[in-house]
Amino acid sequence: MKRALAILALLLASLSLSAPLSAQANPDRVEEIRNEAREAAAARREAKDARIADIKAEVEARKLALQRERCEAREEKLKALLPKLGNSAHRIKGVIDKIYERVTGFYSSGQLTVQNYEELVNAIELAKADAESSLETLDNYEFEFDCEVNGVGQQLDGYRTAVKAARESLKAYHKSVVDLISSLQSEHSRANRADDGSTETENEDTEQEET
């Protein structure tokens, strides 16, 4: 306890001795020191704000880079998909072409006949020409995918229209060939029924003569 009081007394004595010296400090220098401290603090705040801005810019850059990567990946998928749509349409037309050739072969050989054959063939040839024109348009359609433009669906609208036109023309071509086949089948069935009827009549006449 005594020792603590002695230390306190020494401290008070030292403060009383230094008080006159502190009173002699330059007031301008004191204010200068405070200003320097304020400037240092302001510089640190600016550095902090600049660092925050840098972090935000870096995050935004990574975000944009990720979006571009996703866009480019989507573009690659589209570039791989679009030719498949055209190839599929060409395969379908190839199948219809073979059926058409086979049916006309039957007609040429005399195995199947129909009265309005010329009319049906004209309809087929017109539909075939339309299909070929639509496929040519689809083949030559240049699709440019722009990652800077929002909305993939809007950019694909033109190509979708070309695909739709090709499909509709192929359906019309297929229907015209089916119409020819149906007419030939109907005529063939009618001819068979007529032959069967004439055979039955001949058999009846023969039976009557024998009787």
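Biologist: Why is Y107 called partly exposed?
Modeller: In this predicted model, Y107 has a relative accessibility of 25%. Buried means under 20% and exposed over 50%, so Y107 counts as partly exposed.

Biologist: And Y117, buried or exposed?
Modeller: Y117 has 16% relative accessibility. The cut-off for buried is under 20%, so Y117 counts as buried.

Biologist: How many aromatic pairs does the structure hold?
Modeller: The structure holds 2 aromatic pairs.

Biologist: What makes the pair of Y107 and Y117 stacked?
Modeller: Their ring centres lie 3.5 Å apart, with the planes at 0°. Pairing needs centres within 6.5 Å, and stacking needs planes under 30 degrees apart, so this pair is stacked. Y107 belongs to helix α2 and Y117 to helix α3, 10 residues apart.

Biologist: Why is the pair of Y141 and Y159 called edge-to-face?
Modeller: The centres of these rings are 5.6 Å apart and the planes stand at 65°. An angle over 60 counts as edge-to-face, so the pair of Y141 and Y159 takes that name. Y141 is in the loop between α3 and α4, while Y159 is in helix α4, so the pair ties together parts 18 residues apart in sequence.

Biologist: What makes Y159 buried?
Modeller: Its relative accessibility is 6%, and buried means under 20%, so Y159 counts as buried. Y141, with a relative accessible area of 31%, is partly exposed.

Biologist: Which residues does L180 touch, leaving out those up to four places away in sequence?
Modeller: L180 touches V103, Y117, L120 and I124.

Notes: Residues are numbered from 1 along each chain as its sequence is written. This is a predicted model: local features need pLDDT of at least 70, side-chain atom pairs count only at pLDDT 80 or more; totals for chains, interfaces and linings use all residues. Side-chain values use heavy atoms; hydrogens and water are left out. Rings of Phe, Tyr and Trp (its six-membered ring) pair if their centres lie within 6.5 Å; planes under 30 degrees apart count as stacked, over 60 as edge-to-face and the rest as tilted. Helices (H or I, at least four residues) and strands (E, at least two) are DSSP runs, numbered from the N terminus. Buried means under 20% relative accessible area, exposed over 50%, partly exposed in between (1.4 Å probe, protein chains only). Contact means heavy atoms within 4.5 Å.
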